[in-house]
Amino acid sequence: MDHVPDPELLVELERLCTELAFRAGRFIHDERPGHVRVADTKSSETDVVTIMDRRSEQLLHDLVRQARPEDGILGEEGAHVSGRSGLTWVIDPIDGTVNYLYDIPAYAVSVAVVVGDPETPGAWRPVAAAVSDPCRGVVHHARRGGGAWTRPDRPDEHDTGRDRRLAVSAEARLGRALLATGFGYEAQVRARQAEVLREVLPRVRDIRRIGSAALDLARVAEGTVDAYAESGINAWDLAAGWLLVEEAGGRVVGVGEHPGPSLTVAAGPALVEPVRTLFTGRTDPDRDAW
Ligand code: IPD
């Protein structure tokens, strides 16, 4: 895996991630049409792409190309640029698209810079990141080694003096844990996930299905849920939130060391193993996760 950029560049990448997430976040929120148009579907009829997903991705793509022409780009809606710098921008222009479609105020823009190959699970990791939550009016941001922070996204308050440091919850008891999770869009996958939930629900305080993996991870980082676990998520859902959680003192793992599509678990250090065991410790030998 490629090495982490030097400290000065990391500061600049974090600043850029924050600026881009802020701009795209305000764009999707402030320009949300009364009737959001579906442009296409992906893995199933309910896995939609809206016109605003595409416009937000185009905006992010153009801003990255202007600021960092040597870097690669991987976007949920198809942006694919191979870079020459060893750094790739992994972007989700609207995470929580179904919430966006229904005007439920829980959607995000996720922007991360990663080293390694984000298209190969286990072969990459984030080094700078931001998740904007425009309905709450905040942007969370981090760089490797620099802590995780949140700031208001209104322009007059957009200064570092107002940043608040994030920290994961100290909860260690599975039975007291509030666990965020999510489900895929394909019927067969959802049926399997529902089976697993039958075992999970009696063992935790409760679950939350917020509808945006990036916001789930940001909530783990700020300690407003205790843990998150989901299978089937992509690099763009995961990249920025992964760094927020680690920089807030938590851990993010998969079935093995690296989170990825087969499983992503995020929590404080004391809770991460019990949650992973809950999602992997199944007797069915054909299934190592959901
Ligand atoms: C989805 C959301 C959701 C998660 C799904 C993702 P999208 O991303 O993050 O919470 O459960 O696995 O696909 O489609 O809204 O960008």
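1. A residue is termed buried under 20% relative accessible area, exposed over 50%, and partly exposed in between (1.4 Å probe, protein chains only). By this criterion Asp133 is buried, at 3% relative accessibility, whereas Arg136 is partly exposed at 39%.

2. The model is predicted: local features need pLDDT of at least 70, side-chain atom pairs count only at pLDDT 80 or more, and totals for chains, interfaces and linings use all residues. Residues are numbered from 1 along each chain as its sequence is written, and side-chain values use heavy atoms, with hydrogens and water left out.

3. The structure contains 20 salt bridges, a salt bridge being a side-chain nitrogen of Lys or Arg within 4 Å of a carboxyl oxygen of Asp or Glu. Asp133 and Arg136 form one of these, at 3.8 Å from N to O. Both residues belong to a salt-bridge network that also includes Arg164, Arg219 and Glu222.

4. Glu14 pairs with Arg143 in a salt bridge whose closest N and O atoms are 2.6 Å apart. Glu14 lies in helix H1 (residues 7–30) and Arg143 in strand S8 (residues 138–143), so the pair ties together parts 129 residues apart in sequence. Helices (H or I, at least four residues) and strands (E, at least two) are DSSP runs, numbered from the N terminus. Glu14 is buried at 6% relative accessibility; Arg143 is partly exposed at 25%.

5. A salt bridge also joins Asp153 and Arg26 (2.7 Å, N to O). Asp153 is in the loop between strand S9 (148–152) and strand S10 (164–165), and Arg26 is in helix H1, 127 residues apart. Asp153 and Arg26 are both buried.
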